[in-house]
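Work through the two exercises below with the sequence and the coordinates open.

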Amino acid sequence: MSATTPVFSVQGLWKVFGPKAGRVPADPELSALPPADLRSRTGCTAAVRDVSFDVRRGEVFVVMGLSGSGKSTLVRCLTRLIEPTAGTIAVDGEDVRAMDRTRLRELRRHRAAMVFQHFGLLPHRTVLDNVAYGLEIQGVGRAERRARAAGVVAKVGLEGMEQRRPGQLSGGQRQRVGLARALAVDPEVLLFDEPFSALDPLIRRDMQEEVVRLHREEGRTMVFITHDLSEALKLGDRIALMRDGRVVQLGTPEEIVGSPADDYVREFVRDVPREQVLTVRTAMRPASGDEAGTGPALPPTATVSQAIVAVARAGAPARVVDRGRCLGVVDHERLLGVVAGTEPAENPGENPGEHPAGNLAENSAEEPAKEVV
Amino acid sequence: MRLRTTAVAGTLLLLTGCGAADMTRQASPFAHARGARTVTLSVQSWVGAQANVAVAQYLLEHELGYRVDTVQIDEVPAWDALSQGRVDAILEDWGHPDQEKRYVDDKKTIARGGALGVTGHIGWYVPTYLVKQHPDITDWKNLNAYASLFRTAESGGKGQLMDGSPSYVTNDKALVDNLKLDYQVVFAGSEAAQITQIRQFAKEKKPFLTYWYAPQWLFEKVPMTEVKLPAHKEGCDADPAKVACAYPRTPLQKYLNADFSKQGGEAAAFLKKFAWTTEDQNEVSLMIADQKLTPQEAAKKWADGHASTWKAWLP
Amino acid sequence: MATATAPTPRAALPGVLRHPVARKLLLLAAAAAVLVPLADAHWSSGTWPKALTVDLTGPLTRTGDWIIDHRDSHPLFLHFLGHISNAVVFCVRAVYLLLLAAGWAGVTAAATALAWRAAGKRLALGTAAAFLACGALGMWVPTMQTLALMAVAVLASVAVGVVLGLAAGLSARLDRVLRPVLDTMQVLPAFAYLLPVVLVFGIGVPAAVLATVVYAAPPMARLTALGLRGADKEVLEAVDSLGATARQRLLTARIPLARRELLLGLNQTIMMALSMAVIASVIGAGGLGDRVYQALASVDVGAALAAGIPIVLLAVVLDRVTAAAGDTTGRTTGTGRGHRAYTAYAVGAAVAVAVAGRLAGRPDWPGSWTVAVAAPVNDAVGWMTGHLYSGVPVIGGTADWAGRFTTWVLDPLRDGLQGLPWWAVLLLVAAVAWPIGTWRTALTAVLALAATGVLGVWEPSLDTLSQVLAAVAVTLVLGFATGVAAARGDRFERLLRPVLDVFQTMPQFVYLIPVVALFGVGRAPAVAAAVVYALPAVVRITAQGLRQVDPAALESARSLGATPAQQLRQVQLPLARPALLLAVNQGVVLVLAVVVIGGLVGGGALGYDAVFGLAQGDLATGLVAGAAIVCLGLMLDRVTQPTERRTKKGA
């Protein structure tokens with residue numbers, strides 16, 4: 001596998017629940033039906049409908065949607081915890097759906113580990129043994145797996161709690177155990193299924209920062225399922241927004257917020273503080289005259305709110321500078337326009353429409369992991 | 001069908017891969033507990049039988065050094081248990097011709113142990129205080145005239161004839177039908193229930209008519225007089241549906257497991273010789289049932305006073 | 001699909017018919033209108049028609065004779081059943097000898113250590129006291145006999161139950177097959193199992209143990225399956241996501257997660273095994289039950305009680321300890337090494353005590369340490385029955401009540417049922433069962449009742465049914481009243497709890513004599529015995545159901561100013577409806593379970609036939625009566641079974 005092979009590559013994935021589910025994706029007439037009609041016609045529910053995307057090495061790929069949008073089913077299809085109905089899934093180029101039992105177990109044991117919404121801890125085991133559980137399943141000897149587990153327990157900040165049982169921990173601590181259990185097997189990719197939605201807001205923020213930290217330190221690929229838009233925007237390098245089993249838009253947080261693909265997405269992102277998501281690359285205008293030489297310099301990835309601070313301090317428009325080259329300038333008008341939402345985006349993505357997977361990728365290809373303020 | 005069961009059994013034999021195990025030659029797991037010589041005696045549910053067993057047990061333990069286990073089993077199942085060797089002896093049997101033929105004559109797994117010395121008799125009884133008021137009540141022909149006296153909620157409009165334990169020999173339903181009596185047989189279901197009810201009636205001097213048997217200690221507490229039924233003749237009770245005569249007088253018998261009879265040593269010899277009178281048995285029964293002595297205490301008390309009787313039983 | 005209801009046309013129906021009950025009854029009436037004239041024309045008779053009965057007397061008697069004649073010669077017995085029988089005897093004997101060898105001191109010490117380990121200090125003290133009490137009552141050896149028999153039976157039940165439970169828990173198809181069988185087995189009265197087992201194995205310990213296993217294994221199987229099926233789905237998913245094999249998943253996750261249910265199953269298995277081990281004294285189980293049974297012969301309530309108390313104590317201790325062990329899930333219990341050290345200490349201490357006991361020459365309970373309870377108990381019972389039996393001013397004595405109850409309740413009920421044409425009785429059952437349950441439960445109920453007719457015991461079955469109905473009615477009235485009182489008063493409930501424990505676990509043989517002494521011989525004392533037996537469970541379920549009513553609902557009622565009576569009537573009772581229905585169902589099942597005991601006090605009918613069959617070794621009568629009781633049980637259970645089945649039987 002080359003460095004550019006996606007970790008997961010999903011094409012035309014369907015998951016249909018119900019009797020004779022296989023006929024739905026195969027039949028163009030049935031597959032085009034809206035959910036309610038599909039159910040009354042066939043008794044089937046399509047949880048995932050014709051979804052395609054790639055997860056790139058080292059990125060945090062967020063799947064976001066309201067409950068019932070099919071996002072949890074989707075992430076379970078990746079390692080066939082739920083058997084997909086149609087479509088292809090490749091992990092590092094290897095066809096997951098063609099894997100036999102042993103190969104599939106291999107995938108789950110070493111390459112993809114999952115963190116669950118309600119933690120999924122074994123109540124009769126101590127924290128240490130829960131963390132070591134994945135290694136135990138792989139057949140790692142007792143002493144070694146405990147030693148390795150102890151290291152991971154320390155990494156997630158649970159030192160001293162090794163001998164407690166899950167019942168004696170708070171929600172946040174339990175999810176740290178869940179995280180540690182997934183990390184202990186040193187997987188290529190971490191799958192998160194709404195891991196923080198059962199936690200209190202403050203603890204949730206701690207945990208989100210924990211994930212950000214881990215990602216920064218290890219650069220591990222992550223697939224993150226959430227129904228919380230701000231969490232998605234905070235964590236995601238790219239976000240796939242799902243509705244009724246389909247991906248309605250796939251793009252960077254900035255694209256989602258800055259150029260919603262349809263009214264549903266627009267409604268969704270309406271209350272997002274745009275200045276914290278949109279970057280000066282979007283907000284800038286070409287430099288005119290001597291502007292290219294004066295004023296504070298900002299990188300193109302700086303958010304609008306950072307720019308506001310800079311512009312306010314300097315009392316003059318700021319330059320957007322990339323590798324010494326001035327790309328453009330942002331003045332207070334442009335910035336206010338972003339905040340007010342009146343400023344039309346300069347480079348809106350084309351309407352993703354039916355095939356959201358292929359189109360937006362280019363825009364964010366070289367975008368480095370953004371910082372969250 | 002036979003072939004199939006054999007085939008199934010054969011397969012099971014192959015599966016288990018071991019030899020035969022005859023469960024009819026199997027002792028109670030609670031027997032021989034201390035490695036002593038042990039005898040297991042069957043106790044029937046009535047007190048007379050308890051008295052026999054108590055005295056036999058006392059003497060076996062204290063004079064012959066055996067350890068005695070007792071098991072309470074109903075009469076007919078006791079024959080089966082005796083045949084299987086789960087008990088070694090029955091000391092008081094009221095006559096079970098079918099079982100006797102099957103086990104003693106055909107299978108030869110049970111041996112006769114001689115007479116107990118007590119003669120048993122079953123009959124219908126009314127309390128003696130009632131006879132004093134109505135002297136003619138002791139003839140079955142007059143029973144219909146007194147039917148209303150014996151009426152209870154349970155018997156409805158008819159007089160109540162109370163029967164006891166389902167394990168006892170009884171022809172009462174047929175008798176009531178064949179003698180055209182205006183009575184309803186009410187089964188007390190157990191001797192305990194029957195005795196309790198009789199004593200409650202007696203306490204209030206209420207009239208009652210009951211199936212009962214002698215020897216029985218209850219006569220000492222509640223004097224009862226037998227109602228004369230048509231006389232018993234040999235064979236008159238051959239067809240259970242057409243019985244219209246009194247119950248016979250039965251010399252009570254002892255039975256021993258055949259192997260125990262041969263190899264039982266002193267215990268078997270002792271049990272064969274064990275024989276006493278109705279008075280002796282009643283004395284012990286009364287101590288158990290009325291004075292509430294434990295059977296062992298009662299047996300000791302009796303044995304202390306009747307050494308000459310039991311000395312003759314020792315081998 | 002188990003709850004499929006009859007296909008109902010959606011066409012416009014008159015208003016009444018939209019109600020499902022009305023619709024069901026209308027359908028039933030339509031079916032009856034067609035079938036009844038047909039049935040009546042063919043077999044017109046008030047009672048069950050002769051043409052529809054199957055006489056099993058001949059075949060059953062022949063089977064019984066064949067078995068007795070071939071038990072010592074046929075290979076089926078020699079090479080299969082004989083080995084089972086011998087194995088049972090061997091195991092029971094081994095345990096018994098071990099217990100005797102340990103001596104009273106050793107057994108008490110070991111039991112106390114075990115209770116301490118499993119349930120803490122208080123229960124350990126209770127356990128020690130209970131064992132010492134068994135000795136003090138002069139019942140040490142019978143207690144050990146019962147314990148030995150129980151130990152073997154419980155181990156076998158657990159083994160059988162876990163295997164069945166694993167099968168049902170892991171395979172949905174097997175679950176569908178096994179579940180109705182296990183559910184049904186749980187409602188069958190214990191006595192129903194005795195005769196078939198005796199037939200094959202003869203009187204004695206093997207038969208008693210096997211009957212106990214058959215009786216006690218179903219709850220283990222049900223709860224194992226329930227525990228496996230009820231495991232937290234996300235935990236299992238997490239285990240899968242880590243790549244566990246099926247075996248790893250079972251051993252490291254599913255079974256440990258089902259720990260609570262497994263221990264609850266063990267608890268119920270032990271309780272049922274104990275009750276069966278006592279009842280099995282009528283087929284030669286020996287032990288405590290046998291002492292109770294023997295005491296009956298001399299009408300000695302005191303002696304029966306002396307043997308009954310150890311049974312109650314054993315039951316309470318075993319129940320509390322296993323229940324406490326089940327509740328410790330998730331509690332910290334030290335580290336592995338601490339456990340082992342503790343266990344080693346406990347075993348060492350128990351062995352030391354046992355050896356000390358032996359050296360002191362006291363393996364048997366010393367005779368001089370026993371307390372004679374029989375005489376004072378007999379006096380007390382005699383005094384009570386003497387004063388209550390008759391002549392109590394104004395309300396009359398218990399004998400009068402019994403007479404009136406027989407004349408005014410039992411007789412009309414029995415005569416009414418027996419007077420109805422047979423098809424009318426079946427129709428009545430269908431009409432009651434269908435609205436409460438589904439067409440399946442109604443059909444089962446009707447078929448079960450019809451089966452009693454086919455067996456040729458229609459009349460006695462209806463007689464028994466009338467007694468059961470009367471007893472259930474009395475039980476429910478008393479039970480609901482007591483249950484409501486217990487739910488409202490904490491102190492009353494605390495007082496009530498030990499009383500309920502005693503009545504629930506006391507062998508029924510013990511209260512047989514007082515019941516006759518109070519109510520005479522007949523159906524009334526049979527009803528009284530049934531009420532005494534069934535009442536505790538009904539009280540308990542009622543009180544529990546009322547207490548578990550959502551506090552928020554109660555609070556809102558209070559905030560609206562509802563009086564306590566209004567709260568009870570308008571909030572608690574409606575919300576506790578499932579619990580109350582469960583109480584009805586339990587009441588029915590338990591009342592039926594002591595029908596045979598009723599036979600021992602003059603209840604007659606099926607109970608007497610069953611006792612007769614056992615006493616006379618008469619398979620034809622006994623088995624048919626037993627089967628009819630089973631059918632009645634099935635019928636009543638289905639009629640009173642609302643939607644969801646209970647997971648627990650009794651307490």
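**Exercise 1.** How many cavities of 30 Å³ or more does the whole structure have, and what lines the largest cavity?

Solution. The whole structure holds 10 cavities of 30 Å³ or more; a cavity is a set of points on a 1 Å grid over the protein atoms alone where a 1.4 Å probe fits but cannot get out, and lining residues have an atom within 4 Å of a point. This is a predicted model, in which local features need pLDDT of at least 70 and side-chain atom pairs pLDDT 80 or more, while totals for chains, interfaces and linings use all residues. Residues are numbered from 1 along each chain, chains are lettered from A in the order written, and side-chain values use heavy atoms, without hydrogens and water.

Next, take the largest cavity, with about 240 Å³ of space. Its lining has 21 residues, and B:D74, B:G189, B:S190, C:Y293 and C:L600 lie nearest the centre. Two or more lining residues come from each of α7 of chain B and α12 (287-297) and α27 (605-616) of chain C.

**Exercise 2.** Describe the interface between chain B and chain C.

Solution. Start with contacts (heavy atoms within 4.5 Å): 69 residues of chain B meet 76 residues of chain C. The two chains bury about 5900 Å², 56% of it on carbon and sulfur atoms; buried area is the accessible area (1.4 Å probe) lost on being put together, summed over both parts.

Then look for salt bridges (Lys or Arg side-chain nitrogen within 4 Å of an Asp or Glu carboxyl oxygen). The count is 1, formed by B:E154 and C:R523 at 2.5 Å, N to O.

Key:
1 Å grid on protein atoms, 1.4 Å probe; cavity = no way out; pocket = protein on both sides within 12 Å on 5 of 7 lines; lining within 4 Å. Points joined across faces, edges and corners; volume = space filled by probe spheres on them. Helix = DSSP H or I, 4+ residues; strand = E, 2+ residues; numbered from the N terminus.
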